[in-house]
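Thank you all for coming; please have a look at the sequence and the structure while I take you through what I prepared for today.

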Amino acid sequence: MAATATTVTGAREQILNRIRDALGRDTDEIDIAALRARIARHPRHIEPAFDESPTQRLCAKLEAAAASVARVDTLAEVGAAVENYLQGNDLGRQLVCSGDALLQQIEWPPSLDLQRRVPLGADSVGITSALCAIAETGTLMLISGQQKPTSLNFLPDHHIVVLPLDQLVMRMEDAWDRLREEGAGMPRSVNFISGPSKTADVEQTVEYGAHGPRCLHVILVG
Amino acid sequence: MHPRSKFFEANATQALRQPSLQAALKQLEQGFVAGRAACYEALPEFEALRDRAEEVLNHTLENLDAYLLEYEARVIETGGQVHWASTADEARRIVVDICNQAGAGNVIRGKSMIGEEVGINDALEKAGFEVTETDLGEYILQLAEEPPSHIVAPAIHKTKDEISDLFHSRHRELGYHERLTERSALVAEARQVLREKFQQADVGITGANFLIAETGSNVIVTNEGNGDLSSTLPRVQIVTAAIDKVVPTLEDASLLLRLLGRSATGQEITAYTTFTTGPRRQTDADGPAEYHVVILDNHRSEMLAGELRPMLRCIRCGACMNHCPVYGRVGGHAYGWIYPGPMGSVLTPVMLGLDEAGHLPNACSLNGRCATVCPVKIPLPQLLRTLRGRQHRRRLNSRTARMGLSIWAWIALRPRLYQSITRLAMSIMALLGRRQGRFRRMPLAGGWTRVRDLPAPQGSTFQAQWRQRRQQ
Ligand code: SF4
């Protein structure tokens, strides 16, 4: 493996040197401090305006992307909403559940069999919360963590997401700020989800459930 | 893939005679083109976004070495490894080495143009690994043993019938015996087959739409979710990306994401946009134990030096080919390599050489539609002209073409002479063509008149008419 290591370091210097030559300057001629300051400031750019209320917009965008949306007033009603969804879609009573704080707070009806674990290919329903949702594009933002396996967002056929409406933000930039506020740095995975999995690879016609969930169901609370 | 760009003319002729390809290309207009147009209409800020994107990417390119180093430092801090590759060959070797070291047997791939550019599948298969493409389009092509014909919709040229046959013959060994004809059934069968591959895979190789200097993240944009499974389930993740994919911050990526989906498929945002950073943390419930990034140059630093620099802004949306009248007739395979259409006509000659790909910069009417829709305002026609100039100077075009161009240039630089010659030519042609109003045959224009008539001119030149109108 020594051979690879030398090629790799060699290539690194070569590439960087070629870039410097192409730009006609040395690296010490760059104001690194200014570039780092730009990163630290992470300036926002153009943020498209919209008229609808954020909640309206979120629902409309999600539904346009073939996700389904249910609304409840309080966390106490989430259990029944989940039961409803499972019954309506003939999905039995078993769900794989992320262990995030919000879902832990919910008192689940005894009819549901919730399993807190990493999902397997055969699991058909997964349920998670989200860090926030973005009104502009109708997008849920999920992050990985101790009790939050990323595969739960992709393996089961049905993905149910519980989202308190006070976690709705306007734009992706606001979502980044939310994440920065958490103060834990960049999680291993940040998944922006804007609808069920789909493909148009067969004759440019959309089919749902290509690899990820065929159905995305969002339960808005509040 | 073995390049066939030299045979552009023959490839194109063949493509024009394929009814199924022609039907697929027509659909492009109703699909991606109409989709982008609708997005454009719906977003008054579209032009402002394009301007800003151009600015941000120019700033990044001007400081490319520094941003790459920032990015590298963040990847290492988060527990990942960065490998640099000057050439496609180096990139292949690095990827094979990582797979060897991981003791891998099965490798899965999420769709990535860099993977195609360096020919990763071939290298891995030669080294004894089983490689499976997981993007449905790429998977279809892997079964068919064909290269992609579009950078966003790789299997756009395949009909449902062809896919039915392909699955029927190739999935039989896996225990699927029925020949499926429903689109949804085909997608479901591929999902099932690929699910198993995902579970067995030791290594997942993905591309990157962007690399973020601020956080050391790579961004993958998909609708299927295959890129996400590829970067979550296997024990080792490899990201292959080129030096021009880095952007400074998460906000810069957000800016470009607003343009990418809209320009590519007419989507405001794709179903999945995923930012992955390093290997799984101690506190993570899943994710790969190893995270590698292979950063590839492959002639990009060369482009950075000269007039072709704007090409490095490309975010691979495919809008230029969707809107290209040439691509729209001949499809992607005619271009003979993995990058087709206007962007490919710039990239392929740089990466493979003008000797191989000299036809491509000329396969363009300079109508400019590509530059009008390019979300990062790459002046593609101008770049193609630059390449034509290089070709001319390096005497790579045909002797007749060179001579013709030199004579024309000599005359064009002498306006008086130019005007009298064109005036004379126009009156002669008007006289000769007066009866029919058109020419069936014309010396020096055989290529044109073989397939269509040349309309006869009315008698006076454009310049003369212009002058006359100005006087009125
Ligand atoms: S050149 Fe422009 S339009 Fe073409 S793929 Fe690149 S970004 Fe898209």
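Predicted model: local features only at pLDDT ≥ 70, side-chain atom pairs only at ≥ 80, totals over all residues.

The largest nonpolar core has 137 residues, and A:Trp176, B:Leu124, B:Phe275, B:Met311 and B:Tyr339 have the most contacts inside it. By such a core I mean a set of buried Ala, Val, Leu, Ile, Met, Phe, Trp, Tyr and Cys residues joined through side-chain atoms within 4.5 Å, where buried means under 20% relative accessible area with a 1.4 Å probe and protein chains only. Its largest share, eight residues, comes from H12(B), and a second, separate core of 44 residues includes A:Val218 and B:Ile108.

Residues are numbered from 1 along each chain as its sequence is written, chains are lettered from A and ligands numbered from 1 in the order in which they are written, and side-chain values use heavy atoms, leaving out hydrogens and water.

Now to the ligand: 13 residues lie around it, and B:Cys314, B:Cys317, B:Gly318, B:Cys320 and B:Cys374 come nearest, a residue being near if one of its heavy atoms lies within 4 Å. Which classes make up the shell around the ligand? There are 11 nonpolar residues, one polar and one charged; here Ala, Val, Leu, Ile, Met, Phe, Trp, Tyr, Cys and Pro count as nonpolar, Asp, Glu, Lys and Arg as charged, and the others, Gly among them, as polar.

Lastly, helix H12 of chain B covers residues 250-265, helices being DSSP runs of H or I with at least four residues, and strands runs of E with at least two, numbered from the N terminus. This helix lies across S5, S6, S8 and S9 of chain B.

Methods
Contact = heavy atoms within 4.5 Å. Axes fitted to C-alpha atoms, helices over the stretch in contact; angles between N-to-C directions. Buried < 20%, exposed > 50% of the residue type's maximum accessible area, 1.4 Å probe, protein only.
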